[in-house]
Amino acid sequence: MDKWNNVEILLVEDNLSDAELTVRALRSIGAAQKILRLADGVEALDFVFRKGRFADRDRALPKLILLDLKMPRIGGIEFLQRLRQDSATMNIIVAMLTSHTIDRRVFDQQELNVRDYLQKPATAESLIDLVKRAGL
């Protein structure tokens, strides 16, 4: 389906209010044209690995994933573990979004290659920096 093709930023966030604030910040910097918001890790894995309702989307992978740490069904850490196990997806830039304090050592010890950790709601300034580093 066309609306799932050319997604450059995948926002995985179960809280609608937090998702809207993030999308609004991305729009303010002109980076929201190719964003897709999904509500949990199961949907996001299906999107990335082209399964279920996303089986027919093109093969292009998102350049940046903004990932909520705590979500229903599959949380951020399990999503990242699965993402990093596949050679095709292991280098996608991922930024964790959380309303809690993060101990980065948890991610570093598991070699999950998290690029950034953003406190929710993410500010336009923090997203500008992240989007630039992702080459978007």
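## Reading the features

Reply: Let's begin with charge pairs: a search of the whole structure finds 5 salt bridges. A salt bridge here is a side-chain nitrogen of Lys or Arg within 4 Å of a carboxyl oxygen of Asp or Glu. This is a predicted model, where local features need pLDDT of at least 70 and side-chain atom pairs count only at pLDDT 80 or more, while totals for chains, interfaces and linings use all residues. Residues are numbered from 1 along each chain as its sequence is written, and side-chain values use heavy atoms, with hydrogens and water left out.

Me: Which residue forms a salt bridge with Glu-8?

Reply: The partner is Lys-63, with 3.9 Å between the closest N and O atoms. This pair ties together distant parts of the chain, 55 residues apart: Glu-8 sits in the segment before strand E1 (9-12), and Lys-63 in the loop between H2 and strand E3 (64-68). Helices (H or I, at least four residues) and strands (E, at least two) are DSSP runs, numbered from the N terminus.

Me: Is Arg-57 buried or exposed?

Reply: Arg-57 is buried, with a relative accessible area of 1%. Its salt-bridge partner is Asp-58, where the closest N and O atoms are 3.7 Å apart. Asp-58 counts as partly exposed at 26%.

Me: How many residues apart are Glu-78 and Arg-82 in helix H3?

Reply: They are 4 residues apart in H3 (residues 76-84), so about one helical turn separates them. Glu-78 is partly exposed at 32%, and Arg-82 is partly exposed at 37%.

Me: Now the overall fold, please. How many helices and strands does the chain have?

Reply: There are 5 helices and 5 strands. Along the sequence they follow the pattern β-α-β-α-β-α-β-α-β-α. The chain has 136 residues, of which 46% count as buried. Among contacts between residues at least 6 apart in sequence, 64% join residues at least 24 apart.

Me: What should I look for in a nonpolar core?

Reply: A nonpolar core is a set of buried Ala, Val, Leu, Ile, Met, Phe, Trp, Tyr and Cys residues joined through side-chain atoms within 4.5 Å. The largest one in this model has 21 residues, and Leu-10, Phe-47, Ile-65, Leu-67, Phe-79 and Leu-83 have the most contacts inside it. Two or more residues come from each of E1, strand E2 (35-38), H2, E3, H3 and strand E4 (93-98). H2 gives the largest share, 4 residues. Apart from this core lies another, of 19 residues, among them Val-23, Ala-25, Leu-26 and Ile-93.

Me: Which residues is Phe-79 in contact with, leaving aside its neighbours within four places in sequence?

Reply: Phe-79 is in contact with Gly-41, Ala-44, Leu-45, Val-48, Ile-65, Leu-67 and Ile-74.

Me: How many of the residues of H2 are buried?

Reply: H2 is mostly covered, with 6 of its 8 residues buried. The buried ones are Gly-41, Glu-43, Ala-44, Leu-45, Phe-47 and Val-48. Their cover includes E1, E2, E3 and H3.

Me: What caps the N-terminal end of H2?

Reply: Asp-40 does, through a side-chain oxygen 2.9 Å from the backbone nitrogen of Val-42. Such a polar contact is a pair of N or O atoms within 3.5 Å; within protein, one must be able to donate a hydrogen and the other to accept it, and residues adjacent in sequence count only if both atoms are side-chain atoms. After H2 comes Arg-50, whose phi is positive, near 55 degrees.

Me: Which backbone nitrogen does the side chain of Glu-43 reach?

Reply: The side chain of Glu-43 reaches that of Ala-39, at 2.9 Å. Glu-43 belongs to H2 (residues 41-48). Not counting residues up to four places away in sequence, Glu-43 touches Leu-38, Arg-53, Phe-54 and Arg-73.

Methods
Contact = heavy atoms within 4.5 Å. Buried < 20%, exposed > 50% of the residue type's maximum accessible area, 1.4 Å probe, protein only.
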